[in-house]
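I opened a protein model today and kept notes.

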Amino acid sequence: MSTEGIIHRRISTNGIWMHVAELGKGPLVLLIHGFPELWSSWNYQITHLAKHGYLVVAPDMRGYGDSDSPPDPASYTILHLVGDLIGLLDQLGEEKAFVVGHDWGAEVAWHLCLLRPDRVKALVNLGVPFRPRSPELKPLKFMNQVFGDSLYIIQFQEPGRAEKSFSRYDCLTILKKFLLVNAPDLLAAPPGVEIIDFLDTPSELPPWITEEELQFSASKFQQSGFTGGLNYYRAMDMSWELLGAWQGVKITTPTKYIVGDKDLGFEAFGTREYIKGEAFKGLVPNMEVVVIDGHHYIQIEKAERVTSEILSFFGEC
């Protein structure tokens, strides 16, 4: 895992200290990771975007790695997460940034564009599409009604429950189970089974990730635990309550959305039909949709293709 030249520092933003990795000079590209990841999931993009004339900044998001991890789930609403990034841009002295998000990072990036479009030049989001806020039904109630209480998101709600089940495994095994997930289209366990127990542990690694990379991330989660990342899910209903004022607002930022055709989320939640339909494009009218051959963590698995898509799109904006 090459990290040559990458500068690491902690920046004060929005009441926390955020660790960032940065490399290069030029227009700013902000890379926002998801669950359960760190800044290092963008290692290929950091190096190659910097070589192409960008200043690349990849933070450990609130609750992860070497950034602060407040204990209260109420500190992880989408307003907190967007606020962290606005404060980061201010501390970097940057008025606007190109933004790339993946998984939860994509959810944060969508809302960065929704809430503060004045701070984003263009967006590339991976995996998770923007979905409209229901005016009546909170997200957890909806998911429980439709998918049941064995869905991983529902299992993550009770503080301490997932942490207790995770404690039966070392951090390296937990990361292998999630990052190399081999499960049905919907990430839900059978009744009475914890999701972490349900997920298989792969016997060997695919060629796109190394034991060294996983060990690095595992060492960080060994120090921080997983509660910070789990708190993103625990704050979902609180975020819904706070976002009422933006009901029906469209995202006008120039956007490219990329998803792997073998991503669990592509088949679950009606995503395949949704991203190809008019509703998604109606909410994000200035958007290109790209479906590529790949799974969920495409910024690692298909690093060269994803980076090429990023470079070509930002070069046009």
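These are my entries, from the whole protein down to single residues.

**Ground rules.** I am working with a predicted model, where local features need pLDDT of at least 70, side-chain atom pairs count only at pLDDT 80 or more, and totals for chains, interfaces and linings use all residues. Residues are numbered from 1 along each chain as its sequence is written, and side-chain values use heavy atoms, with hydrogens and water left out.

**Whole protein.** I found 16 helices and eight strands. Helices (H or I, at least four residues) and strands (E, at least two) are DSSP runs, numbered from the N terminus. Next I looked up the radius of gyration, taken over C-alpha atoms; the globule rule is 2.2 Å times the number of residues to the power 0.38. A compact globule of 317 residues would have a value near 20 Å, and the protein's 18 Å agrees with that. I noted that 55% of the 317 residues are buried. Buried means under 20% relative accessible area, exposed over 50%, and partly exposed in between (1.4 Å probe, protein chains only).

**Strand 7.** I asked how many of the six residues of strand 7 are buried. Six of the six are, so strand 7 (residues 255–260) is largely enclosed by the rest of the structure. In a regular strand, side chains alternate between the two faces of the sheet. I checked both faces here: Thr255, Tyr257 and Val259 are buried on one side, and Lys256, Ile258 and Gly260 on the other.

Then I looked at the partners. Two strands pair if DSSP finds at least two bridges between them. Strand 6 (residues 120–126) runs parallel to strand 7, joined by four bridges. Leucine 123 stands opposite threonine 255 there. Strand 8 (residues 287–292) also pairs with strand 7 in the parallel sense, over six bridges. Here valine 259 stands opposite valine 291.

**Aspartate 261.** I followed the chain into the loop between strand 7 and helix 12 (264–267), where aspartate 261 sits. Aspartate 261 counts as partly exposed because its relative accessibility is 29%. Leaving out residues up to four places away in sequence, its contacts (heavy atoms within 4.5 Å) include Val291 and Asp293.

**Aspartate 237.** I found this residue in helix 11 (residues 236–242). Aspartate 237 is buried yet has no salt bridge, meaning a side-chain nitrogen of Lys or Arg within 4 Å of a carboxyl oxygen of Asp or Glu. The nearest side chain of opposite charge, lysine 138, is 5.3 Å away. Lys and Arg count as positive and Asp and Glu as negative; His and the chain ends are not counted.
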